[in-house]
Amino acid sequence: MSNQQEQYNIDFLVQQLRTSQDNAVLKQTAKHLGFLGANNPDVIAALIHVARTTIDEPIRWTVIQSLSEIGTDNNDVIQALIEQLNTASIPTRRIAAQNLAKIAVGNQYAITSLISLAQITEEEHTRQYVAYSLGIIAKGNRDAVNALIDLIYKSSDEYTHYLCVDAFTKLDNWNKEIIDALIHIDKTAEFYICSKLLQTLKVRGININGYTSRSSFRPLLEQIKEENNQTE
């Protein structure tokens, strides 16, 4: 396809997105633009307008996903997804949180908004999407780490704990609060989370001889905390 033909197709789809009243057409058009409209301001503006104005949730989900494909580091796109975190339905909040992980690495506004959502939501799947995205876009951010620690104490869900542990795996250093949170998890951890803890400790170069995915890791974690205290 020539550049001229591709631009013609984009212009046609943008016009269709702006004028069609058919939800099926709108959804399919938004999906196509997610493949064709990278860094195109007209495409981004049209998709953002639909995200803000449609009353059809599946269309909004498709628009959010398309924006995340074409709007990496685009402040307008990031802001549009943040708006969905704050105003949309629970399923839409989840999708917005998940897709921020694709486009907002290191973006402080996105990080702050996800932290705020983590603090107020009681819905477990939303917590999981927030933990997943914070683990990707907020590596080393102290406020994000504290939010993940808070989620560990608020939640009894093993997959939420898993995602928080996965985020901690990527950190260069563990402070006392992180280790205490891991000890808290270890009290009730089952095979799935114990396997993740075992993998995480191994990745960090910690001697795990004698430990298995059915072990309690509390003695080892207490030892790490004590060693950290001695080096401070």
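Modeller: First, a term: a cavity is a set of grid points where a 1.4 Å probe fits but cannot get out. Keep in mind too that this is a predicted model.

Biologist: Fine. How many cavities of 30 Å³ or more are there?

Modeller: The count comes to 2.

Biologist: Which helices supply at least two residues each to the lining of the largest cavity?

Modeller: Those are α8 (124-137), α9 (142-154) and α10 (158-169). The largest share is from α9, with 3 residues. Among the lining residues are Leu134, Ala144, Val145, Leu148 and Phe168.

Biologist: And what is that lining like by class?

Modeller: It has 8 nonpolar, 2 polar and 2 charged residues. Lys139 and Lys170 are in the lining, and Lys counts as charged.

Biologist: What lines the second largest cavity?

Modeller: Ala118, Gln119, Ala147, Asp150, Leu151 and Lys154. Helix α9 gives the most here, with 4 residues, and α7 (108-120) also supplies at least two. By class the lining divides into 3 nonpolar, 1 polar and 2 charged residues.

Biologist: Which of its residues are buried?

Modeller: Val43, Ile44, Ala46, Leu47, Ile48, Val50 and Ala51 are the buried residues of α3. What covers them includes α1 (3-19), α2 (23-36), α4 (57-70) and α5 (75-87).

Biologist: What happens at the start of α3?

Modeller: Asn40 has a side-chain oxygen that reaches to within 2.9 Å of the backbone nitrogen of Asp42.

Biologist: Then there is Thr54. Where does it lie?

Modeller: Thr54 is in the loop between α3 and α4.

Biologist: Buried or exposed?

Modeller: Thr54 counts as buried, because its relative accessibility is 14% and the cut-off for buried is under 20%.

Biologist: What does Thr54 touch, leaving out residues up to four places away in sequence?

Modeller: With those set aside, Thr54 touches Ile59 and Arg60.

Biologist: And which backbone nitrogen lies 3.1 Å from a polar atom of the Thr54 side chain?

Modeller: That of Asp56.

Definitions and conventions. Residues numbered from 1 in each chain as written. Predicted model: local features only at pLDDT ≥ 70, side-chain atom pairs only at ≥ 80, totals over all residues. Heavy atoms only, no water. Buried < 20%, exposed > 50% of the residue type's maximum accessible area, 1.4 Å probe, protein only. Contact = heavy atoms within 4.5 Å. Polar contact = N/O pair within 3.5 Å; in protein donor to acceptor, adjacent residues only side chain to side chain. 1 Å grid on protein atoms, 1.4 Å probe; cavity = no way out; pocket = protein on both sides within 12 Å on 5 of 7 lines; lining within 4 Å. Points joined across faces, edges and corners; volume = space filled by probe spheres on them.
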